[in-house]
Amino acid sequence: MSDTALRGAEADTSAVLGIVDGLVTYARANLLLDPRDEDWMRNRMLELFNANEELCSRADLLAKGLPEDVPEVLLNNDEVMGALSALPSRVEDEFGRLRASDGGMEAMQWLYDYGVANGYIKLAQLNRNIRFNSAGLVITINTAKPEFTDMRKAARGNSVGGSFAQCTICHANEGLASRDKRTLRTAQVELDGSPWFWQFSPYGYFRQHGICVNREHTPMHVDESTFRHLLDFVSQFPGYFLGCNAALPRIGGSVLAHDHYQGGGEVMPMQRAVAWKRFLLPEADDAVLEIVDWPATALRIRSRNSAQIVRIAELIRGAWSCYDNADLGIASHSDAGEAQSSVSPIARLISEGDGSSSYEMSLILRNNAVSDQYPLGVFHAHPEYFFIKQEPIGLIEAMGLFVLPGRLVTQLGELERALLAGNALPGNLAEFRLAWDEVRADLGEQAVPDEYAVREALRREVAGICRRILGNIAVFPGHAEIEGFLRELGFVPLSDGAPSEG
């Protein structure tokens, strides 16, 4: 070896040793590495780096970010960070210790921070996603999420071959190298006496987005036990909401083969919406039911008494699951007898002014019927809006936070440039004709619209279309029809006067 090559090899070796030492220091500070294991961990890291030619070739560059911070390329390396991470049992013990001493929310915050520190939660990529508020909605463009227009293909993605896991959300995925789950860490949670577990989403759609999964691989369903589970969870973790999709095909992208819920630490737009009218059930007058002033068909139950919420929610679910109305195109079952109607429930705890708390359960009425006109779903995004969103509208979007495909970053950018230049609609974006014409009308007669005005007009347009999609999934065309359904169940309006404020 020449002197130059030898000096280069020595430099590379020195850089690798520097990275390894920095990673071990980082793991001790952030990943529960026991100081007694430092030498052992250094040797494991050195072995891993020496076997990874690409990492070694970038050693000089990577070493500059350590030990205070870990470069994103290393945080995204599941093998490196998985080896640095503590065993699941150690993480779960720490979660339990914090929960016992400081409460459920402190423990959740710690687990979330751990997921960021070990690279499972892709915070840097999340922070690069486009997010804006408009038309009473939150719009996000998630560049990490693949777009599924063929839901049969998406469903096939829910199986995990060649592993102990029966599906992509089973607990057996913890540590699964083939799915880059070496860094996944979970926390055990008991719901209404049964074992579940919580894990954060690596590409969360909102603040501290995660899923709560049945420890048993059992099909997803919504019934009375679902309402008890959700209320139990928010009692234990009062800073989070928890809900689920309606457990029907073509509604959301859920893994229907495995019972699970999703939630997190953000208040959704629907939860901020006012009540259109309030109702009582005479034999349960310590609970109030509201029709939510929302484009989708949504109800909200509030009470300090969780048992009354469960009772009312189950009454509505049972009635909706067999409700038929030919005039409104609502069929509870298909011609083959398959159930088509269910609810998406969402629970949270509300702090009252006197320091006490009340429970809140929202119910979004859903139906997954198809027709010749709408083969992907009658109460689904209509085809004229597919250029924005074709995938099924699940729980989070029905609550007003839309997760749009990453292709829109490029497409909206091209539209913006064409509008600024005064050009015609680009030929490769012909499907955007509706949006193009409406944005042009929104901008009016500005001779040379500035970049800010064009971008804001495009964002208003995207949000407006998302709001129309929420109207597409509404099973009742208006509030009056929802009220008729509730009156049939025995609910009595608190007032027949003007709509009430929430």
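Arg 487 and Glu 483 lie four residues apart in helix α18 (residues 479–488) and are therefore separated by about one helical turn, helices being DSSP runs of H or I of at least four residues and strands runs of E of at least two, numbered from the N terminus. Their side chains meet in a salt bridge (2.8 Å, N to O), a term that denotes a side-chain nitrogen of Lys or Arg within 4 Å of a carboxyl oxygen of Asp or Glu. Arg 487 is partly exposed at 40% relative accessibility, whereas Glu 483 is buried at 10% (buried means under 20% relative accessible area, exposed over 50%, and partly exposed in between, with a 1.4 Å probe and protein chains only).

The model is predicted, with local features requiring pLDDT of at least 70 and side-chain atom pairs pLDDT 80 or more, while totals for chains, interfaces and linings use all residues. Residues are numbered from 1 along each chain as its sequence is written, and side-chain values use heavy atoms, with hydrogens and water left out.

The structure holds 32 salt bridges. In helix α2 (residues 38–50), Glu 38 and Arg 42 are likewise four residues apart, about one helical turn, and their side chains form a salt bridge at 3.4 Å, N to O; Glu 38 is buried at 13%, and Arg 42 is partly exposed at 24%.

A further salt bridge joins Arg 302 and Glu 290, with the closest N and O atoms 3.9 Å apart. Because Arg 302 lies in strand β10 (residues 298–303) and Glu 290 in strand β9 (residues 284–292), the pair ties together parts that are 12 residues apart in sequence. Both residues belong to a network of salt bridges that also links Arg 278, Arg 300, Arg 348 and Glu 360.
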